[in-house]
Amino acid sequence: NMYGKCGNIKDAQGVFDTMPLRNVVSWNAMIGGYARLGHSEKALKLFLQMQKEGIELDKVTFVSILHLFADPEAVTSGKLVHAHIIDQGFESDLFVGNALVSMYGKCGTIKDAVNIFHNMPERDAVSWNVIIATYAHRGCYEEASSLFQQMKQEFVNPSRITFISILNACSGPEALSLGKLVHADIVNRGFELDLGTDIVNMYGKC
């Protein structure tokens, strides 16, 4: 785990290979290490090997592997992992749910991301930020704005990340009114100094 976190994945793999007993924590450390360094194929290979050896997967395993799927070509693999998640009973877990919303959003299947989000039994600020960012990334400012308002109605405090996503969604003259409202909210919540560049960029795009 230490070698993986330090980016020395070769040494981490060497230690892992010589371990007489490897549990789910060991496997998760290796998969997470490869995932963090962008070695998707090696992380997936370990994920498959883990299953072949009969190691019981946990939510950390699934969250790590879901982060690998970040483009439309990866959505099929992502859906296969999603099926495993359902079989293992982890779909209702908050962290796994957030990872699923993020995965589908990055793969461009917004409908799937929204369905997961709305069916989550529990949602936190990360859940809202991920789904808002999914819409914002595609310039869907009306949908992003609607979710932003709903987020506040459910008494979830917007964070700096939330505001960055909303500001990014505001592009074009039709989004100027929303951008001004968001700017006012940013001022009221004391984020203006942190988000000055993002605010300027928003007005420039509008």
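A charge is taken to sit over a ring if NZ of Lys or CZ of Arg is within 6 Å of the ring centre and within 35 degrees of the ring normal. By that criterion, Arg123 lies over the face of Phe117, at 4.5 Å from the ring centre, and the charged end of Arg22 sits over the ring of Phe16, 4.4 Å from its centre. The model is predicted, with local features needing pLDDT of at least 70 and side-chain atom pairs counting only at pLDDT 80 or more, while totals for chains, interfaces and linings use all residues. Residues are numbered from 1 along each chain as its sequence is written, and side-chain values use heavy atoms, with hydrogens and water left out.

**Aromatic pairs**
- Searching the whole structure gives six aromatic pairs, where rings of Phe, Tyr and Trp (its six-membered ring) pair if their centres lie within 6.5 Å, and planes under 30 degrees apart count as stacked, over 60 as edge-to-face and the rest as tilted.
- The rings of Phe16 and Trp27 are edge-to-face, because their centres are 5.0 Å apart and their planes stand at 85°.
- Phe148 and Phe163 also form an edge-to-face pair, with 5.7 Å centre to centre and 70° between the planes.
- Phe148 lies in helix H10 and Phe163 in helix H11, so this pair ties together parts 15 residues apart in sequence; helices (H or I, at least four residues) are DSSP runs, numbered from the N terminus.
- One aromatic cluster is formed by Phe47, Phe62 and Phe90.

**Burial and packing**
- Phe16 and Trp27 are both buried, meaning under 20% relative accessible area (1.4 Å probe, protein chains only).
- Helix H11 (residues 160-169) is mostly covered, with seven of its 10 residues buried, among them Phe163 and Leu167.
- These buried residues of H11 pack against helices H9 (125-137), H10 (141-153), H12 (176-188) and H13 (196-205), contact being heavy atoms within 4.5 Å.

Key
Buried < 20%, exposed > 50% of the residue type's maximum accessible area, 1.4 Å probe, protein only. Helix = DSSP H or I, 4+ residues; strand = E, 2+ residues; numbered from the N terminus.
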